[in-house]
Each structure stands twice: as structure tokens, then as C-alpha cells.
Amino acid sequence: MAFTRATGKHRRPSRMTRTTANVAGVAALTTTGVIGGLAGPALAAADEAAVEHTGLTQAISVGDSLAESIDAQAAAQRQAADDAAAAKKAEEAAKKKAAEEKRKAEAEAKAKAKKEREAKERAAREAERKRLNTYVSPISGSYVSTGYQTGGAMWSSGSHTGVDFHAASGTSVHAVGSGTVVEAGWGGAYGNNVVIKMNDGTYTQYGHMSSLSVTVGQTVTPGQQIGLSGSTGNSSGPHLHFEARTGAEYGSDIDPVSYLRSHGVNV
């Protein structure tokens, strides 16, 4: 009995036909960019046995897997970019904070230095003010050898108008306080003498000196040397004659010891 070959819709496609269709599907997907990046191992896996079953279905499955991999890679790249941007932003913020802290520290240091400098300047001015307002003895380490208003024929007024400080010839004579020299030179019975108008309006006189070191109009400060002691004028020997007066004229004398003590000088 003879058999006839099956035809029509029930005819099974040949192996060659199926393989051709599978290859054509893969090519089409590749052309459209769906699986443009198929790896070598994936193609090797599509061997003849796989093609025997579902060629096009396998190609689409591989394409979906690759698309998911690409999406994951893109997401990772975006995350990396976001992380990098965040890190850069944090770094810039840290730099800005550090710069601000440095600026603040420098400003504080500058303000502190200025405050300390101003405090030192105030202290120096205050110390100078105190120094200028202090009084000292006209002869350092000396003592009064002849007191105020001591009587005797030696003085034309009948009494001593000042006090005598013991001093060997050539001893340094100091201004007792701050003031301006109003007389410097020969003073008759006073010999070489200096008269100073003090800043408080009183006057002080220094007589019998061997030499002078100031001139009229010169300002002096406490303890400044104005000359050297001696025995010029009406003098019985080397010493310093010191007077304190309420005015420039002779006869306005006051007790020199009380005057110095009222200004803090221990005489």
C-alpha cells in the first residue's frame, strides 16, 4: 500500500526552515537595538538543539535579560553620579565651614590682640599719668640739715625761708615733680638756682648749685636731674637749699617739708 507525504497546515516545518526563522529573528532584534550587545556565550548557547525547540522565543528571553542588565547598570551609574555629587557638595560645605571657622578665629584673634594692645596702652598711660603726678625728694637718700624758719643773722629775712638738704658738692639735684622751668641762672644770695612752676600752680626753688642742666621754658618730670649741688651764693658749705612757694615772688614761701609730705614724699 502506498503512503502519501503530508501537506497543508498540518505539515511540520523542516529543520532548516526553523533554523532560518530563528536566525532571522535574532538578526531583526539586533538590527533594532534590542540585543545589540549579545555576548559570545549567549550565542554559543543557542546551539542546534535549542534552535530545534523555540528559536525566536529564546532570542526574546535573552534580549529581556540584557535589557534588565542595562537598566541595572544605568541605575548604578546614576546612583554613582548622585553619590559623587553629594560627596562634592559635602566637601564644598566642609571647605566653606572650615574657611568660615578660620575667618572667625582670625577675627577673634585680631579682636583679642586689639583689646590686649589697648589695655596695655591704657595701663601705660595710667602709669605715666601717675608718674607725672608723683613727687620725689630733691636729693635722693638725703636728710634735712637745717629746718624751715630757723632763725639767725645768716638770712636777710631773719629766718630760713626753706630747708637745707645735706649733699656733697656734685650730687645730682632732681625736680621734685612735673612743671616748667621759669628761672635758671644766677640768683644772688641763692647762687646758681632753678625755679620751677609746678603743674599744681605752686613753685619750687633749688639754690647754691654748682651747675645747671635745664633752661627757662623747659618742662621737667619727677626725678629729672636739673643740676648738681654746690656752695655758690650765700652759702657756708656744699648743700641744697630748697624752697616751696605759693607764688613766684620772694616771701610767698611755705613749709617745704609739709609741702613734700602732702605729695607723698617721706622726708
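Among contacts between residues at least 6 apart in sequence, 59% join residues that are at least 24 apart along the chain. The model described here is a predicted one, and its chain holds four helices and eleven strands. Of the 267 residues in the chain, 27% are buried, while the chain exposes about 16700 Å², with carbon and sulfur atoms supplying 56% of that area.

**The nonpolar core**

- The largest nonpolar core has 24 residues, and within this core Val194, Ile196, Tyr206 and Ile226 touch the most other members.
- At least two residues of this core come from each of β2 (163–166), β5 (192–198), β6 (203–209), β10 (239–245) and α4 (256–262).
- As a general background, nonpolar side chains in soluble globular proteins tend to be buried together.
- When residues up to four places away in sequence are not counted, Ile226 touches Val173, His174, Ala175, Val194, Ile196, Tyr206, Leu212, Ser213, Val214 and Val220.

**Aromatic pairs**

- The structure holds three aromatic pairs, and one of them is formed by Phe165 and Phe242, whose arrangement is edge-to-face, with 6.3 Å from centre to centre and 70° between the planes.
- This pair links distant parts of the chain, given that Phe165 lies in strand β2 and Phe242 in strand β10, 77 residues apart.
- Phe165 counts as buried because its relative accessibility is 1%, and Phe242 is likewise buried, with a relative accessible area of 0%.

**Asn193, a buried polar residue**

- Asn193 has its place in strand β5, where it is buried, with a relative accessible area of 0%.
- The side chain of Asn193 is joined to that of Glu183 by a polar contact of 3.3 Å.
- Leaving aside neighbours within four places in sequence, Asn193 is in contact with Glu183, Ala184, Gly185, Trp186, Gly187, Gln205, Tyr206, Gly207, Met209 and Leu212.

**An open sheet of three strands**

- Three strands form an open sheet in the order β3-β9-β7, and their pairing is antiparallel.
- The edge strands of this sheet are β3 (172–174) and β7 (211–212), each of which pairs on one side only.
- Strand β9 (residues 225–228) pairs with β7 in the antiparallel sense over two bridges, and Leu212 stands opposite Gly227 in β9.

**Two residues with positive phi**

- Most residues other than glycine have a negative phi, and most peptide bonds are trans.
- Gln149, although it is not a glycine, has a positive phi of about 65°; Gln149 is found in the loop between β1 (144–146) and β2, and it counts as exposed because its relative accessibility is 52%, the cut-off for exposed being over 50%.
- His208, which is not a glycine either, has a positive phi of about 70°; His208 is found in strand β6, and it counts as buried because its relative accessibility is 5%, the cut-off for buried being under 20%.

Definitions and conventions
Residues are numbered from 1 along each chain as its sequence is written. This is a predicted model: local features need pLDDT of at least 70, side-chain atom pairs count only at pLDDT 80 or more; totals for chains, interfaces and linings use all residues. Side-chain values use heavy atoms; hydrogens and water are left out. A nonpolar core is a set of buried Ala, Val, Leu, Ile, Met, Phe, Trp, Tyr and Cys residues joined through side-chain atoms within 4.5 Å. Buried means under 20% relative accessible area, exposed over 50%, partly exposed in between (1.4 Å probe, protein chains only). Contact means heavy atoms within 4.5 Å. Rings of Phe, Tyr and Trp (its six-membered ring) pair if their centres lie within 6.5 Å; planes under 30 degrees apart count as stacked, over 60 as edge-to-face and the rest as tilted. Accessible areas come from the Shrake-Rupley method with a 1.4 Å probe; for residues, only the protein chains shown count as cover. A polar contact is a pair of N or O atoms within 3.5 Å; within protein, one must be able to donate a hydrogen and the other to accept it, and residues adjacent in sequence count only if both atoms are side-chain atoms. Two strands pair if DSSP finds at least two bridges between them.
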